[in-house]
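Reader: I'm new to this one, could you walk me through it?
Author: Gladly; here it is, and then please ask away.

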Amino acid sequence: MLATVASQAARPAADILRHLFEMSAQAIPSMPADDRTAVILRTR
């Protein structure tokens, strides 16, 4: 997950979150969508 976030650092946070949620849905299809939580913190 961290490598994915790092590789997409230039993209908007919403796009990164969407991609992470897609990855989690593929990895664990039985996980309800409301059980997923992620926070993207951008620093400059």
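Reader: How many salt bridges does a search of the whole structure find?
Author: A search of the whole structure finds two salt bridges, where a salt bridge is a side-chain nitrogen of Lys or Arg within 4 Å of a carboxyl oxygen of Asp or Glu. Please keep in mind that this is a predicted model, in which local features need pLDDT of at least 70 and side-chain atom pairs count only at pLDDT 80 or more, while totals for chains, interfaces and linings use all residues. Residues are numbered from 1 along each chain as its sequence is written, and side-chain values use heavy atoms, with hydrogens and water left out.

Reader: Ok, and which residue does arginine 18 form a salt bridge with?
Author: Arginine 18 pairs with aspartate 15, their closest N and O atoms being 2.8 Å apart. Both lie in helix α2 (residues 13-27), three residues apart, about one turn of the helix; helices are DSSP runs of H or I with at least four residues, numbered from the N terminus.

Reader: And how far apart are the closest N and O atoms of arginine 11 and aspartate 15?
Author: In that salt bridge they are 3.8 Å apart. Arginine 18 also bridges to aspartate 15, and the shared partners join Arg11, Asp15 and Arg18 into one network.

Reader: Switching topic, is threonine 4 buried or exposed?
Author: Threonine 4 counts as buried because its relative accessibility is 17%, and buried means under 20% relative accessible area, exposed over 50%, partly exposed in between (1.4 Å probe, protein chains only).

Reader: What does threonine 4 touch?
Author: Leaving aside residues up to four places away in sequence, threonine 4 touches His19, Leu20 and Met23, a contact being heavy atoms within 4.5 Å.

Key. Helices (H or I, at least four residues) and strands (E, at least two) are DSSP runs, numbered from the N terminus.
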